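Here is a friendly walk through one protein model, meant to be read with the structure open beside you.

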Amino acid sequence: MDRIILMKNLNAYTGRFSSKNNQKTPEKKVGWYIEDNLLEKIPILALRNRGIDSANDSPFSWKRDRNLRQAITLALETLKAWQAFRPGKAKELMSDLIDDMPGIIVSFQKQMSKYDVGNVRDILHLEQDMYNAVLKLVAKTVAEVSAYKTDQTPMLGSKIMHFLYPEFFPVWDTGWIKNKCLINEPDHMGAWLPKDVLNQMKGHSQAAATYSHYFSLMLKDLDQIGAREYRKMEDVVIRHAEIPREVIEWHFYDITPIVFEFCLLGKHIE
């Protein structure tokens with residue numbers, strides 16, 4: 001299959017250089033506007049990054065305090081507006097998640113601290129056993145959060161974790177990502193997952209297996225892109241959003257999963 005993270009796919013998503021006047025761009029069809037995607041996370045990341053003034057700090061800097069609880073509440077309220085919860089069950093689910101998510105976040109950070117990674121591209125440089133361990137940890141965490149709604153898909157977990165760690169978690173959803181994009185990529189998990197991870201994922205929920213496949217797809221594609229090529233695409237995303245780069249860099253440690261999402265949608269949405 002053709003690569004995903006390519007400038008042509010990013011340009012296709014935004015409609016850049018398109019000669020088709022009066023036609024909706026993929027960005028407008030999908031409704032995942034690049035500017036909104038970045039801006040909606042800034043209030044949450046500002047809570048995470050309070051008191052941080054060093055480039056050596058890590059995205060894994062949430063503390064189990066009022067800031068984390070407030071950030072989780074903000075993320076959940078946004079998702080509620082997107083109707084991400086079961087009809088009639090939103091209040092109950094949100095209450096459970098507000099209570100339990102701080103423990104999930106602290107546990108995830110503690111385990112990730114073993115691997116000394118600050119963004120998804122750092123994972124590519126890990127030894128195979130550590131690479132596999134990170135992949136499984138990410139997938140299992142998404143599945144754990146998703147299980148508050150269902151253990152069949154990773155949608156809820158991916159969206160919540162994406163708000164708190166946009167540097168690591170790409171959003172998975174059924175309508176666009178699964179039914180419009182992934183259906184046109186290799187349809188068997190062995191195409192992307194390391195063999196031992198594939199075997200171990202068989203013992204986990206469908207949500208964990210699905211997200212491990214999706215996350216591994218991103219990693220494999222990232223492994224084929226050079227730093228200069230990626231930087232150019234990142235520049236296009238930031239310019240298109242019309243947000244100063246210094247604002248993005250202050251709040252985000254990295255926007256690779258966001259670039260990946262837009263390229264994937266641009267590749268498959270006409």
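## Helix α1 and its cover

A residue counts as buried here when its relative accessible area is under 20%. Keep in mind throughout that this is a predicted model.

With that cut-off, which residues of helix α1 (residues 7-14) are buried? They are N9, L10, N11, Y13 and T14. The cover over these buried residues of α1 includes α2 (26-30), α3 (34-39), α13 (227-241) and α15 (256-268).

## Aromatic pairs and a ring cluster

Another pair joins F108 and F169: their ring centres are 5.5 Å apart and their planes lie at 55°, so the pair is tilted. F108 belongs to helix α6 (residues 90-112) and F169 to the loop between α9 and α10, so the pair ties together parts that are 61 residues apart in sequence. F108 has 1% relative accessibility and counts as buried; F169 is buried too, with a relative accessible area of 0%. Step back from the individual pairs, and you will find F60, F108, Y165, F168, F169, Y211, Y214, F215 and F260 linked by ring pairs into a cluster.

## Charges over rings

The charged end of K41 sits over the ring of F163, at 5.4 Å from the ring centre. Likewise, the charged end of R121 sits over the ring of Y230, at 4.3 Å from its centre.

## How α8 packs

Two packed helices are described by the angle between their axes and the distance between the axes. For helix α8 (residues 128-146) and helix α12 (residues 206-222), the axes come within 8 Å and cross at roughly 135°. That angle makes α8 oblique to α12, and the crossing is right-handed. Which residues meet here? From α8 come Y131, L135, V138, A139, V142 and A143, and from α12 come A207, A208, Y211, S212, F215, S216, L219 and K220. Y211 and F215 are also members of the ring cluster.

Helix α8 has a contact with α9 as well. Their axes come within 7 Å and cross at roughly 110°, and α8 and α9 are therefore roughly perpendicular to each other. On the α8 side the contact uses T141, V142, V145 and S146; on the α9 side it uses M155, L156, G157, S158, I160 and M161.

## α5 against α9

How do α5 and α9 cross? Their axes come within 10 Å, at an angle of roughly 130°, and the two helices are therefore oblique to each other. This crossing is right-handed. A71, I72, A75, L76, T78 and L79 of α5 make the contact with L156, K159, I160, F163 and L164 of α9. F163 is also the residue whose ring lies under the charged end of K41.

## Backbone details worth a look

Two residues have a positive phi of about 60° without being glycine: Q83 and E242. Q83 lies in the loop between α5 and α6 and counts as exposed at 70% relative accessibility. E242 is found in the loop between α13 and α14 (245-251), and at 69% relative accessibility it counts as exposed.

Finally, take a look at L198 in helix α11 (residues 195-201). At 21% relative accessibility, L198 counts as partly exposed. Its C-alpha atom is separated by 8.6 Å from that of H213, a residue 15 positions away along the chain.

Conventions
Residues numbered from 1 in each chain as written. Predicted model: local features only at pLDDT ≥ 70, side-chain atom pairs only at ≥ 80, totals over all residues. Heavy atoms only, no water. Phe/Tyr/Trp six-rings, centres within 6.5 Å; stacked < 30°, edge-to-face > 60°. Helix = DSSP H or I, 4+ residues; strand = E, 2+ residues; numbered from the N terminus. Buried < 20%, exposed > 50% of the residue type's maximum accessible area, 1.4 Å probe, protein only. Lys NZ or Arg CZ within 6 Å of the ring centre and 35° of its normal. Axes fitted to C-alpha atoms, helices over the stretch in contact; angles between N-to-C directions. Parallel < 35°, antiparallel > 145°, perpendicular 65-115°, else oblique. Left-handed = near helix turned anticlockwise from the far one by under 90°. Contact = heavy atoms within 4.5 Å.
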